[in-house]
Amino acid sequence: MLTIKNLQAKVGEKQILNGIDLNVKAGEVHAIMGPNGSGKSTLASVLSGREEYEVTGGEVEFLGKNLLELEPEDRAREGIFMAFQYPIEIPGVSTINFMKTALNEIREYRGLQALDAVSFLQLMKEKMKLVEIDQSLLSRSLNEGFSGGEKKRNEIFQMAMLEPKLSILDETDSGLDIDALRIVANGVNKLRNKNNATIIVTHYQRLLDYIVPDYVHVLYKGKIVKSGGKELALELEAKGYDWIKNEVAVA
Amino acid sequence: MSKGNQVLEEITSKEYEHGWTVDLETDEAPKGLDENTVRFISAKKGEPEWLLEWRLKAFRLWQKMEEPKWPNVHYPPINYQDIIYYSAPKKKATLDSLDQVDPELVKTFEKLGISITEQKRLTGVAVDAVIDSVSVATTFKEKLGELGIIFCSFSEAVKEHPELIKKYLGSVVPMNDNYFAALNAAVFSDGSFCYIPKGVRCPMELSTYFRINAANTGQFERTLIVADEGAYVSYLEGCTAPMRDENQLHAAVVELYTMKDAEIKYSTVQNWYPGDKNGKGGIYNFVTKRGLCFGNHSKISWTQVETGSAITWKYPSCVLKGDYSVGEFYSVAVTNNHQQADTGTKMIHIGKNTRSRIVSKGISAGKSQNSYRGQVHVMKRASNARNHSQCDSLLMGDQCGAHTFPYIDVENNSARIEHEATTSKIGEDQIFYCLQRGIDEEAAVALIVNGYAKEVFNQLPMEFAVEAQKLLALTLEGSVG
């Protein structure tokens with residue numbers, strides 16, 4: 001589904017990604033871990049098409065298309081979804097209204113008719129149940145005055161609504177207490193199927209207790225320095241990132 | 001007016017009492033403005049003597065007044081002698097189909113979601129008899145007549161209901177209120193008159209659209225709405241379709257008058273030609289709008305969506321004379337390119353326990369300047385007066401300006417006045433969040449801006465609100481990125 005080859009990127013004058021290689025197939029969950037400043041969030045931003053990040057080399061192919069040539073909105077319409085680390089507030093725009101606009105724009109891009117109000121409502125009700133979110137929250141202005149947990153739950157609700165092929169969860173566990181973490185993880189798990197894929201960007205192992213990854217990659221200084229199965233995350237947790245840093249230094 | 005002025009005026013007016021003849025054959029007054037012009041207009045409209053005198057008085061007052069310089073707008077001096085003040089409504093050439101209309105205009109109509117019938121009406125294409133707006137208007141008029149509601153053109157009202165016009169004309173906006181109001185009083189072309197009798201709730205939104213002779217009311221429009229005891233009316237002015245006019249200067253006057261327990265809700269969507277991208281052309285819109293809550297427990301509510309005109313100078317106000325009366329002002333003012341707007345409201349609290357609420361949402365883009373100017377005045381007698389003002393500005397890009405000029409005068413210690421103001425920018429982060437959900441930049445801006453202005457749009461009648469949202473998006477098209 002997603003093939004990243006030797007991806008390099010910078011912000012301003014600062015080179016952050018120094019040659020990333022990654023292969024994600026449908027049905028897989030990949031966790032990208034790494035210490036602060038290793039380039040995890042940059043990778044997520046580059047894939048979603050943030051303007052401030054300049055790609056300086058490499059290739060990214062998504063479902064047979066050159067992802068780097070697509071506008072951010074077209075990447076979303078092709079099926080890439082990013083759950084933001086800091087979801088933004090949009091006053092006066094309810095989540096319902098926001099999702100209706102997004103869903104219909106995506107449908108239009110795919111040559112589908114806009115959903116009528118009844119079908120939309122039905123879809124919404126179904127997804128609300130799935131991710132355990134209350135309608136009163138969805139009627140409020142998007143993320144305005146939401147708690148940290150509510151914001152993240154709202155992100156997962158949007159993910160459920162848009163049914164992306166590839167979801168990128170950027171530090172979704174940050175700022176969540178254990179109950180919120182469980183609800184968010186449950187939502188993600190329910191949305192997993194053999195046709196979609198997930199990339200989880202995280203600093204801590206604890207989210208991976210709930211969302212079990214197929215692969216774990218460790219990012220350090222803009223490169224994937226170690227890859228393995230889910231047990232790698234546990235090893236990291238036990239030994240700390242210094243273990244990786246030392247290993248890299250020795251090599 | 002001082003005694004000296006009064007005497008002076010009587011003398012001067014006497015001089016002009018006789019000896020003027022007016023050529024009724026021509027359809028157009030010669031360029032320029034003098035007493036002759038005023039007499040010409042009045043004669044053309046077949047007005048009674050008292051109205052001519054009223055106009056002349058206003059003209060003489062106007063001559064002694066000066067154009068206001070305090071608004072935060074800049075434009076070359078207006079040559080008042082270079083304007084034609086009266087021309088008979090010209091019959092527009094009737095077209096056979098929309099194909100003959102400027103395709104750009106049709107595109108705009110489509111974006112606004114204006115129906116084909118309406119498009120035809122606006123561009124002067126012949127419309128089927130069945131859906132002809134005139135016949136619709138006639139039906140409405142009959143229905144209103146049964147309830148005793150008077151809704152007609154100003155000229156018609158002068159002929160049919162002179163006692164009402166005599167009583168209320170200038171009762172809210174005196175002829176010498178300001179420079180542009182005086183000019184309007186002297187040369188007003190036509191407008192609307194509406195009277196809702198005691199205890200009647202007008203069953204439909206009244207709009208100039210449903211009024212016969214609504215077209216070509218000219219550049220000096222005058223509207224007067226009176227709601228008698230316990231009456232209610234919602235009135236819509238303007239439309240979202242772009243309005244072009246050969247006349248650059250527009251100076252309208254609107255007067256609202258509510259008796260005890262009465263309510264008037266007045267909604268405007270103004271979309272006059274704003275000039276081109278470089279600021280050439282465009283309408284100068286200098287409007288005086290004021291409502292008088294005369295009776296106790298009466299209410300006047302202004303809602304405006306201002307997107308057009310090169311220059312807007314407009315302060316729909318409420319004079320809260322009756323005890324427990326309520327004044328409201330909800331405004332969205334958008335400026336783009338080189339537009340300039342200086343708009344806001346005045347809430348004058350005279351009666352006891354009067355309340356007012358101001359919600360102003362300014363949006364500036366391009367190289368435009370957008371000013372909110374509002375006054376809250378609590379007079380000595382107005383104990384327990386309350387006001388809440390919310391003035392927000394939204395900036396798009398870094399070449400526009402947003403300004404807020406609040407004036408608060410309180411003469412009674414029991415008053416409670418609250419003023420909140422915010423300034424914000426549409427953030428890159430907000431736009432990116434939308435993009436990442438598959439919403440393109442234009443739709444994102446529309447979404448964000450409409451969310452920002454929602455509180456005001458909620459005050460508009462449903463259909464109008466939907467159109468206004470589209471209009472807002474259209475006005476700001478291409479102003480980000």
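Modeller: This is a predicted model. Let us start with A:Gly228, which is placed in strand 12 (residues 223–228) of chain A.

Biologist: Why is A:Gly228 called partly exposed?

Modeller: The relative accessibility of A:Gly228 is 24%. Buried requires under 20% and exposed over 50%, so A:Gly228 falls in between and counts as partly exposed.

Biologist: Which residues does A:Gly228 contact, leaving aside its neighbours within four places in sequence?

Modeller: With those neighbours left aside, A:Gly228 is in contact with A:Asp214, A:Tyr215 and A:Val216.

Biologist: What makes B:Ser393 a buried residue?

Modeller: B:Ser393 has a relative accessible area of 7%. The limit for buried is under 20%, so B:Ser393 is buried. B:Ser393 is part of strand 17 (residues 386–395) of chain B. Beyond its neighbours within four places in sequence, B:Ser393 contacts B:Gly362, B:Ala402, B:Thr404, B:Thr422, B:Thr423, B:Ser424 and B:Tyr452.

Biologist: Why is helix 9 of chain B described as largely enclosed by the rest of the structure?

Modeller: Helix 9 of chain B covers residues 179–187, and nine of the nine are buried, so the helix is largely enclosed. Among these buried residues are B:Tyr179, B:Phe180, B:Leu183, B:Asn184 and B:Val187.

Biologist: How do you know that B:Asn178 caps helix 9 of chain B?

Modeller: A side-chain oxygen of B:Asn178 lies 2.9 Å from the backbone nitrogen of B:Phe180. A polar contact needs N or O atoms within 3.5 Å, and B:Asn178 caps the N-terminal end of the helix.

Biologist: What makes helix 2 and helix 3 of chain B roughly antiparallel?

Modeller: Helix 2 (residues 35–44) and helix 3 (residues 49–63) of chain B pack at an angle of about 155°, their axes being 10 Å apart. Angles over 145 degrees count as roughly antiparallel, and these two helices of chain B are therefore described in that way. Their crossing is right-handed. On the side of helix 2 of chain B, the contact is made by B:Glu35, B:Val38, B:Arg39, B:Ile41 and B:Ser42; helix 3 of chain B contributes B:Leu52, B:Arg55, B:Leu56, B:Phe59 and B:Arg60. By class, the residues of this contact are five nonpolar, one polar and four charged.

Biologist: At what angle do helix 3 and helix 6 of chain A pack?

Modeller: Helix 3 (residues 95–109) and helix 6 (residues 148–162) of chain A pack at about 35°, with their axes 10 Å apart. This crossing, too, is right-handed. Helix 3 of chain A brings A:Thr95, A:Phe98, A:Met99, A:Ala102, A:Leu103 and A:Ile106 to meet A:Asn154, A:Phe157, A:Gln158, A:Met161 and A:Leu162 of helix 6 of chain A. The residues of this contact comprise eight nonpolar, three polar and no charged.

Biologist: What is noted about the phi of A:Leu63?

Modeller: A:Leu63 has a positive phi of about 50°, although it is not a glycine. A:Leu63 lies in the loop between strand 4 (53–62) and strand 5 (65–66) of chain A. Its relative accessible area is 40%, and A:Leu63 is thus partly exposed.

Biologist: Where does A:Glu132 lie?

Modeller: A:Glu132 is in the loop between helix 4 (117–131) and helix 5 (135–139) of chain A. A:Glu132 is not a glycine, yet has a positive phi of about 55°. With a relative accessible area of 36%, A:Glu132 is partly exposed.

Notes: Residues numbered from 1 in each chain as written. Chains lettered and ligands numbered in written order. Predicted model: local features only at pLDDT ≥ 70, side-chain atom pairs only at ≥ 80, totals over all residues. Heavy atoms only, no water. Buried < 20%, exposed > 50% of the residue type's maximum accessible area, 1.4 Å probe, protein only. Helix = DSSP H or I, 4+ residues; strand = E, 2+ residues; numbered from the N terminus. Polar contact = N/O pair within 3.5 Å; in protein donor to acceptor, adjacent residues only side chain to side chain. Axes fitted to C-alpha atoms, helices over the stretch in contact; angles between N-to-C directions. Parallel < 35°, antiparallel > 145°, perpendicular 65-115°, else oblique. Left-handed = near helix turned anticlockwise from the far one by under 90°. Contact = heavy atoms within 4.5 Å. Nonpolar A, V, L, I, M, F, W, Y, C, P; charged D, E, K, R; others polar.
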